[in-house]
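Here is a short briefing on one protein chain. Keep the sequence and the 3D view open as you read.

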Amino acid sequence: MPLPTDTVPPSDFTPAQTEAARLMTVCNSCRYCEGLCAVFPAMELHRDFSAGTLDHLASLCHSCGACYHDCQFAPPHEFSINVPQALARLRTESYARHAWPAAAGSLIARGGLTLGLGTVAAIAALFIGLIMWNAPGALLTAGASPKGFYALMPHGAMVVLFGLAFFWALLATAMGARNFWRAAGTPTGLPDHLHAAHDAARLTYLDGGGVGCYNADDQPTDRRRLWHHLTFYGFLLCFAATSVATLYHYLLGREAPYPWWDLPGLLGILGGIGLVVGTAGLWQAKSDRLADLKDPESAGLDRAFIAVLFLLGLTGLLLRFLGETPVMGPMLALHLGTVLAFFLLLPYSKMVHGLYRYLALARYARDKH
């Protein structure tokens, strides 16, 4: 039976969608890789691939590289099948396409390390300027103040500023997820979401069918799963530290700063360590990846996401251990700049891939039944 490589895609497809549809058509005829991850069993449930279905399949892919190494049609074969690279390019395109508001999708198209770090630096410089304008000299003396951080920025101002940024990030991310779900989703029930939550929390399909992810040395490992877990759960611990501190302040009347051995301090330290180690590992894993599996157009967005999370963890740890020294003021400005930049850029960064992947897993759980 000849491979159906002459399927004509819709005229409004982008080049990335056209290439992904071509690859899925060929792979659907072969099905050699159906045991490697969720992409191929989900693919087999379709004969035609709409834009929404392609986004769904792209978000299921973890770019482990196993299918590329197993494929008999990989380059230099004339079919030139490279699923990880094609779906990586389509994922980045889908982030921009589903972004809310729509005009902000250009941030993803232009997103990169320069934009991420530039935003952090600009906001940190703004904080330093405001502190020096309102309280000259306080920037280097606040570390000795019993008020701690609040000697530089009142608690109320922090709550208003970062509360607004946080709720904006939630709103814009939720609206983007709604757009993705409308395009790629299908009605789901509680069992589907429980199954998706289990697979997302364990990164079930980030193992290349059991052997691990492939790198430039052609040796599969599972280190990417470890780095992802450290980053994700480190971030959750940092969020838990902030949530507990909020409960302390408003419910128990206990105001910051808190000692390192108190619950907010312990959660923050553990979370910061997880973020620093996890993101450093992810950065190295990006460098070790086989060049054929990478999408050059997505590299900047990936690096920016990792760098901002690394700074988030590192500045938080330094602030914890240097909070009573003269460098507390500049370090606080850098940390707050990183946090605010993270919230503002979150809906237009690689961070949304976790939510889209969860929704794709929920649809996959539904489709299987």
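The chain exposes about 17700 Å² of surface. Carbon and sulfur atoms supply 66% of that area. The model is predicted.

**Overall build**

- The chain holds 14 helices and two strands.
- Its C-alpha trace spans about 80 × 40 × 40 Å along the principal axes.
- A compact globule of 369 residues would have a radius of gyration near 21 Å, and the 23 Å of this chain agrees with that.
- Of the 369 residues, 48% are buried; the cut-off for buried is under 20% relative accessible area.
- Among contacts with a separation of 6 or more, 74% are between residues 24 or more positions apart.

**Packing of α5 against α14**

- Two packed helices are described by the angle between their axes and the distance between the axes.
- Helix α5 covers residues 83-98, and helix α14 covers residues 352-368.
- Their axes lie 11 Å apart, at an angle of about 95°.
- Angles of 65 to 115 degrees count as roughly perpendicular, so α5 and α14 are roughly perpendicular to each other.
- From α5, the contact uses R91, Y95 and H98.
- From α14, V352, H353, Y356 and R357 take part.
- By class, this contact has three nonpolar, two polar and two charged residues.

**Cis peptide bonds**

- The bond from P75 to P76 is cis, with omega near 15°.
- P76 sits in the loop between α4 (66-70) and α5.
- W100 and P101 are also joined by a cis peptide bond, with omega about -10°.
- P101 belongs to the loop between α5 and α6 (105-110).

- R31 is not a glycine, yet its phi is positive, near 65°.
- R31 is located in the loop between α1 (15-30) and α2 (39-43).
- Is R31 buried, partly exposed or exposed? R31 counts as partly exposed because its relative accessibility is 37%, and that class runs between the 20% and 50% cut-offs.
- S80 is not a glycine either, and its phi is about 50°, a positive value.
- The loop between α4 and α5 contains S80; P76 is found in the loop between these helices too.
- S80 has 32% relative accessibility, so S80 counts as partly exposed.

Definitions and conventions
Residues numbered from 1 in each chain as written. Predicted model: local features only at pLDDT ≥ 70, side-chain atom pairs only at ≥ 80, totals over all residues. Heavy atoms only, no water. Axes fitted to C-alpha atoms, helices over the stretch in contact; angles between N-to-C directions. Helix = DSSP H or I, 4+ residues; strand = E, 2+ residues; numbered from the N terminus. Parallel < 35°, antiparallel > 145°, perpendicular 65-115°, else oblique. Contact = heavy atoms within 4.5 Å. Nonpolar A, V, L, I, M, F, W, Y, C, P; charged D, E, K, R; others polar. Rg over C-alpha atoms; globule rule 2.2 N^0.38 Å. Buried < 20%, exposed > 50% of the residue type's maximum accessible area, 1.4 Å probe, protein only. Areas by Shrake-Rupley, 256 points an atom, 1.4 Å probe, with all protein chains shown as cover.
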